[in-house]
Amino acid sequence: MRRRGSIVAGSYRLLRRLGGGSSGFVYLAEDLAGGAQVAVKFLRPKHRESSYQLAQFRREAEILGQVASDHVVRALCHGSDARGPYLVMEYVPGPELAQWLQGRPGTALIFFLLYSALTLAITVPLVWTLW
């Protein structure tokens, strides 16, 4: 696990952990050059030895880097250091998804379907590449 104050990619100081999911953790960080806040995603240690998980993480970073939309956070950079891969993204403050979904019936299903579609879009080309 990364520690508060650690420097990532020589440019970003970790401030605090924002959350985590099944594949990784996300931290709030500060850009040392300009002071802007960014989000930094790391792969969980148990997934760093999996060529599949590493490829999926890299593909996520590459695809996010190609998306230009006001509705999707921008990828600022990605790479790997001694502790594994990282993805630096634009930080957008707001409530966690679970909090936002409360009181919005039906919205969870829409998000699940969108998430499933995005996962499929990332995974299918990856499977063909690895095959």
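Does leucine 76 count as buried, partly exposed or exposed, and at what relative accessibility? In this predicted model, leucine 76 has a relative accessibility of 35%. Because buried means under 20% and exposed means over 50%, leucine 76 counts as partly exposed. The residue belongs to strand E5, which covers residues 75–81. Between leucine 76 and isoleucine 63 the C-alpha to C-alpha distance is 12 Å, and the two are 13 residues apart in sequence.

Strand E4, made up of residues 37–43, pairs with two other strands, E3 and E6. Six of the seven residues of E4 are buried, so the strand is largely enclosed by the rest of the structure. With strand E3 (residues 24–31), E4 pairs in the antiparallel sense, and seven bridges join the two. One of the bridge pairs consists of phenylalanine 25 and, in E4, phenylalanine 42. E3 and E4 form a hairpin with five residues between the strands. In this hairpin, glycine 35 takes a positive phi near 85°.

The pairing of E4 with strand E6 (residues 84–90) is also antiparallel and runs over five bridges. Here alanine 39 has methionine 89 of E6 as its bridge partner.

The largest pocket of the model holds about 2,200 Å³ of space. Its lining comprises 41 residues, and those closest to the pocket centre are Lys41, Glu60, Val73, Met89 and Leu97. Several elements contribute to the lining: strand E2 (12–20), E3, E4, helix H1 (51–66), E6, H2 and helix H3 (107–130) each supply at least two residues. The largest share comes from H3, with eight residues. On the surface, Leu97 forms a nonpolar patch with Trp100 and Phe111. Together the three residues have about 260 Å² of accessible area.

How values were computed: Residues are numbered from 1 along each chain as its sequence is written. This is a predicted model: local features need pLDDT of at least 70, side-chain atom pairs count only at pLDDT 80 or more; totals for chains, interfaces and linings use all residues. Side-chain values use heavy atoms; hydrogens and water are left out. Buried means under 20% relative accessible area, exposed over 50%, partly exposed in between (1.4 Å probe, protein chains only). Helices (H or I, at least four residues) and strands (E, at least two) are DSSP runs, numbered from the N terminus. Two strands pair if DSSP finds at least two bridges between them. Patches are made of residues with over 30% relative accessible area and no salt bridge: like charges are joined within 9 Å, nonpolar side chains (Val, Leu, Ile, Met, Phe, Trp, Tyr) within 5 Å. Accessible areas come from the Shrake-Rupley method with a 1.4 Å probe; for residues, only the protein chains shown count as cover. A salt bridge is a side-chain nitrogen of Lys or Arg within 4 Å of a carboxyl oxygen of Asp or Glu. On a 1 Å grid over the protein atoms alone, a cavity is a set of points where a 1.4 Å probe fits but cannot get out, and a pocket is an open set with protein on both sides within 12 Å along at least five of seven lines; lining residues have an atom within 4 Å of a point. Grid points are joined across faces, edges and corners, and a volume is the space filled by probe spheres set on the points.
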